[in-house]
Every structure is written in C-alpha cells, then in structure tokens.
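Please walk through this model by its ligand site and then by a handful of single residues. Keep the sequence and the 3D view open as you read.

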Amino acid sequence: MMQRLPICEVQTDLEKKFTKNRITILVGETGSGKSTQIPQFILRMSNGTEKIAVTQPRRVAAINLAKRVAEETKTTLGQDVGYTVRFQNMSGPNTKIKYLTDGMLLRELLLRTSLDQYTTIILDEAHERTIITDLLMGFLKTLLQTRVNLRLIVMSATLDADRFSRFFDGAEVLYVQGRRFPVQRYFLSKPVEDIVDATVRTAIQIHSSEPMGDILAFLAGQEDIDKVVDTLNDMIRSLPVGLPELVALPLYAALPPQQQLKVFEKVPGNKRKIIIATNIAETSLTISGVRYVIDGGTQKVKVWRHDLGLDSLLTMPISKSNAAQRMGRAGREAAGKCYRLYTETDYGGLRSQMEPEVERCDVSFPILTLKLAGVTDVLGWNWLERPSKAAIMSALMQLYTLKALDDEGKITELGKKMAVLPLPPHLSAVLLDAYQKGIADAVLDIVSCLSIENLIMNPHPDKRDEVNGKRLPFITASGGMGDLVVLRNYVQHYRSLLSSEEKKEWCKELHINYRAMSNVEDVRKQLESYLKAGSANSKSEDKSAKLGPSILNEQIIQCFLTGFVSNTALRLPGKTYRTIAGGQNINVHPSSSMFDKKVDAIMYTEYMFTTKAYARNVSPIDLQWLQQIAPHFLSRRTAGSDY
Ligand code: ADP
Ligand code: MG
C-alpha cells in the first residue's frame, strides 16, 4: 500500500539530493506522501541517527501525522515519533521525528537559539504562508550560516516555489509528480442564496445518481458544517429504499480529536461517506476514498481591521489556487467530479492566490518576537514578505500600549515575559498583570477559557429558553460584572463536581462543550507552569481565594483591561456603544450577560461582524480604571477625536 505513494518512486533521487543540498524546496501535490514519508526517508538514510522537526501550521495536522507515522513505523507514539503542540507534548528526549506546530518551533528557537536538538528541519505547508512559517524562514536563513550541519527542507503543495528558492539564494526546487486522474468540474448557472441548502441538495444528488465513492464538501465554518451534517442526518432516514446508506461527518479544527479521527476510518459495508470540512482538508489532511468534491467557494480568513484595531475572522471568497486544490482532492485515486457552488463568472473574478497572512493580519506577535530575538531594525529585517509600514507601526504602537516596548521601542522585561508565553501578547499582558497583583489563580481560569475555541455553544433555537434558564444562576452570581466573571463561575462549578458523569451531565444541560471544558483544565495547568517558570524570582502569594467576590471581580476586570485597552467602548444614547480606539459603533451581542444592561463603558475580548458589529465577552468598566491603567492610550486617542 505504502509503496504505491508517488513519493516512494523517487525515494533514491530525493535521498541523493538531501545528502547533497543543505536547503531544498520540495513541491508535491497533496497526498503524494510528503509529510508522512520525507521524515522517514531522512531517518533511514542516516541509519536512525538524525533528529527531525517537521512543522505544521495546524495542530490537528501535527497530531494526526505523528499518529500516522508512529503507526507506519510500528512504534509507540511519543517515543521515536511524537508531537508537540501548544499545551500538549507527546515527545521525549529520544524522539527522532517530531511533528510540531510552527509556533512551537518558533518558541524553541527563541528559548534555544541554535536549535541544536535537531539535525533536519522541515517546514511543511509553506504555501499556506502563515506569519509564523514566514518568520521561521527568516530566522533559519540566518541560523544556517552558523549551524553548518543543519539541513532545511521547505515543502509546499502549490507550484509557486520560486519565491522560496529566491529567498534561500537559489536553493534547488524538486517536484514530485502526484497521481492525477481527470476531474470533471461543474459550475452553477446562477449564484446560490443558501449555501447550506445548496450543499445538501448537491450531496443528495450525487448520492442518488453517481457511482460509489466518498464525498468531500468544503464550507467556511463550523456553523454551516454542523447545519449540513444535521440536515443530512435527518434526511438520510427518508432516502428511497435501495440507496446505500450515507454517513455524514464534520471536520473542523475545534472538533474533539476523537471525532476528527472518524473521517479517516473506512465505513464498513455498502455505505457512502460524506465529509463536510473547512479548508483544513484542502492540503494538510489527506482523506482517502474521495471521488466527489463539493466546493462552497468560501473560507474563513483572519483579517486585521485597521478601523477597529482588531483581528477578526471573516468569511471570504477563496482564491483560484484554493479552488484548484479542492478540485484536486477528487482525482487522487480515480477519475472524479467537482461541483462548484458558484458560477463560472464568479470563478473568473477570484484572485489567483490568497495574500500571505503577514499582509492581512496583526503583526504585533511577530514584531515582539523579533524584538526578543534582538532585532532592532524590524523594518529592515530579513522578511520573506515585509508587512506594510503602517502595519508595523500599528503593531509597535500596540506593544507600547501593552508596555511590552518602552519609549525607545526596546523590549521591556514585561515584554520578554510576554513573548515566551504561548498566548497572544494581549492575553500574556493580562496574565502577567494578574500574577503581579496576586490574583493569577482567578485570572488563569478565564484566560484558559479564552484559549479554547467553542467552549460555550449556541443552543438550538427550540432549546434556547431551557438552556438559558440553566445558565441564569451563574449569570446572577456574577453580580452584573460581565461575561468573563460568568466564565469563571462556570469553571468553578465544573471543578466542584466530583465525577466525570456529573461533569458531563452538567455541561450537557448548559450547552457547554464537555471536551473543551476538560481541555480548559489542562491548558490552565500548562499556563500555570509557564507562568511560574518565567517568574521564578518574583514570588507572590495568591490572594484570589481571600478577596471578597466583588473586589476580586473588579480586580479581574482591571487585569483584563491592561491587555484589552484598545477593546473598549463608550455608551451612546440607546443600546449602542462607540469604540474608543476607532470611533466605530458596536453592539453587545445578544448572547452576552451584558446584553440588556446599561453601563457607561464596556470592554470586550472578541469582536464579531454579522449583520452589524458585535462585542462578545463583555465586561462593564469604570472610566477611571482606564485612566489609571492606560493614560498613554487615552491621551493619544482623545486628542484628535470628538469626545
Ligand atoms: P502529503 O503531505 O504529500 O499531502 P501525506 O504524507 O500526508 O501526503 O499522505 C500520504 C498518503 O498517506 C495519503 O494519500 C493517505 O493515503 C495516507 N495517509 C496519510 N495520513 C493518513 C491517515 N491519518 N490515515 C490514513 N491514511 C493516511
Ligand atoms: Mg502534507
């Protein structure tokens, strides 16, 4: 089976190149065997002496690849083959092939600049152009000058590898021909109104008229995916007799790992599998058996909103390159079909490539990283793609607001600590402030919740009243102090329950994701150890348990304010608020405990745009706190605005 992978046919050639070249760019289509086989080739050609790091932009991919390769090599996961992702380590000192998120490798690089624990570094999925992979390329280019025995392989699933080659002074580009069968593509004659409905109808049409073969559908996000899965599961019962069974499975990053793994399992008997996925299944995960692809034409993309001073997740049209990748998934094992749920004209209007993340996202984390690494001239650094001057300036400003940089733009002691916590700078600022104030115990509960996606789930409309009723006591107990305090009330109650049955049952009643909640506890432990390790000499006794609830809650919000100064808004007449930073109108999201409360000013940790701008995770704030915590922010903002 494994011998049939395209990459195995050129193994000897590749090994020769890897021996000769210190830097190689390897291009091969998804499914050709890059991520699973290349590290094994390297290990075999060195008789098992090399130590190999393979980066992945996504934690799901890092975990799944490690599992798969451990299986292929018949070893126990965590021994010879392992993984390290944020908040989870399954590797040891003897691990020879380690899959890790790009963020974890960056962290290792910052803590141990020479990366001398590895002999080969493989940057996988380089075509995704995440900020962190881009940054790693810059750092590695410099590191290769001093570490003469280090090998670098940059792997990509798309053809435009020239840019990588040029960046690495003309490094050789190798191409692996994938197996490719013809894929027939279909466009719609007119645009769809309802993507969920269109996906369901297309799936049923394929299922009732096309020969066997699994279906892979791409939609932008979890909500639509869950809706399609639910609708299909409802319809499956009423399918005409004689049709094979249809098994619908979701696939997105926030799904519990156990459920993610289901998409790889063969369904026994006369059944057809349909997987409804985000663009996670585009290049980083390979699912065999797929013959039909449904392409919804959109994806969620993190975009920096200059007007709001925030990163937000927007649903956007894909690029032509994404569309080609998606279509390719149908022709891996036999001829296939691809149904694009958009018109040919719309396709013609798509951009050819997505812009790299560094061009559209907040760059405060990379800038802080560079500062920590001792780079003084961040504009002139070795960027694979330099962010715009405006983006760099805005990041420097943010870091200054967070007190990570001083007046001269140098990294502060606080900034150094922020840079090595595995959190975005603003959450690190919150946690470090809490530690200093001696209330880290309380704030850790909340920061851990904010690090986990989809913890609090949206109940189905017909269950909403019932669920809200169950949640109410926790909201009342917050004394109007907002959603962060409510979150902590949930965590504390969860912790007070003794058996896992009780915990599960309680989560179910309140529509809290049980898996996610148990992750919160793990994340908390990890963060606590990072925090203690980073602040060994500044011992302070935690007083969270001793303070009265109202004083504690106030202090918690003040800590959050140090990280979220820019996410504050003042009340206008009516229910609307106006952001202090950008002067934009914003509303409290209906799911918030602050929805019908009237307060002068709010702070929020999340911004969401649907039909209008919404603030989520909202807390009431006192303007005086803002003045105390961030006078440098306020004076800058109010000078030119109309307050
Ligand atoms: P690439 O990185 O080139 O996209 P991979 O090395 O990830 O390719 O996968 C190569 C092949 O290995 C896939 O086509 C698939 O057949 C198989 N494979 C990879 N991961 C799994 C898995 N978790 N379960 C089953 N098969 C897998
Ligand atoms: Mg791969």
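## A strand residue with positive phi

Asn617 sits in strand β21, residues 613–621. Helices and strands here are DSSP runs, numbered from the N terminus: helices are H or I with at least four residues, strands are E with at least two. Asn617 counts as buried at 17% relative accessibility. Buried means under 20% relative accessible area, exposed means over 50%, and partly exposed lies in between, with a 1.4 Å probe and protein chains only. The phi of Asn617 is near 55 degrees, a positive value in a residue other than glycine. Most residues other than glycine have a negative phi.

## Basis of the model

This is a predicted model: local features need pLDDT of at least 70, side-chain atom pairs count only at pLDDT 80 or more, and totals for chains, interfaces and linings use all residues. Residues are numbered from 1 along each chain as its sequence is written, chains are lettered from A and ligands numbered from 1 in the order in which they are written, and side-chain values use heavy atoms, with hydrogens and water left out.

## A loop residue with positive phi

Asn47 also deserves a look. Asn47 lies in the loop between α2 and β2 (52–56). Is Asn47 buried or exposed? Asn47 is exposed, with a relative accessible area of 71%. Its phi is positive, about 55 degrees, although Asn47 is not a glycine.

## The shell around ligand 1

How many residues surround ligand 1? The number is 13, and the closest are Gly31, Gly33, Lys34, Ser35 and Thr36. A residue is near a molecule if one of its heavy atoms lies within 4 Å of it. By class, the shell has three nonpolar, seven polar and three charged residues. Ala, Val, Leu, Ile, Met, Phe, Trp, Tyr, Cys and Pro count as nonpolar, Asp, Glu, Lys and Arg as charged, and the others, Gly among them, as polar.

α2 (34–45) and α3 (59–72) each supply at least two of its residues. The largest share, three residues, comes from α2.

A side-chain N or O atom of Thr36 is 2.5 Å from an oxygen atom of ligand 1. Lys34 places a backbone N or O atom 2.9 Å from an oxygen atom of the ligand. For Ser32, a backbone N or O atom lies 3.3 Å from a ligand oxygen. Taken alone, ligand 1 exposes 570 Å², and the protein buries 87% of that. Accessible areas come from the Shrake-Rupley method with a 1.4 Å probe.

## Buried helix residues

Gln260 belongs to helix α9, residues 257–261. Gln260 counts as buried, at 6% relative accessibility. Its side chain reaches the backbone oxygen of Ala253 at 3.1 Å. Ile225 lies in helix α8, residues 222–236. Ile225 is buried, with a relative accessible area of 0%. Ile225 and Pro250 are 25 residues apart along the chain, and their C-alpha atoms are separated by 6.4 Å.

Helix α21 (residues 514–534) holds Leu527. Leu527 is buried, with a relative accessible area of 0%. Leu527 and Val447 are 80 residues apart in sequence and 9.1 Å apart in space, C-alpha to C-alpha. Met517 lies in helix α21 as well. Met517 is buried, at a relative accessible area of 2%. Its C-alpha atom is separated by 32 Å from that of Arg360, 157 residues apart along the chain.

Ser428 lies in helix α16, residues 425–437. Ser428 is buried, with a relative accessible area of 0%. From Ser428 to Arg201, the separation is 227 residues in sequence and 46 Å in space, C-alpha to C-alpha.

Methods. Polar contact = N/O pair within 3.5 Å; in protein donor to acceptor, adjacent residues only side chain to side chain.
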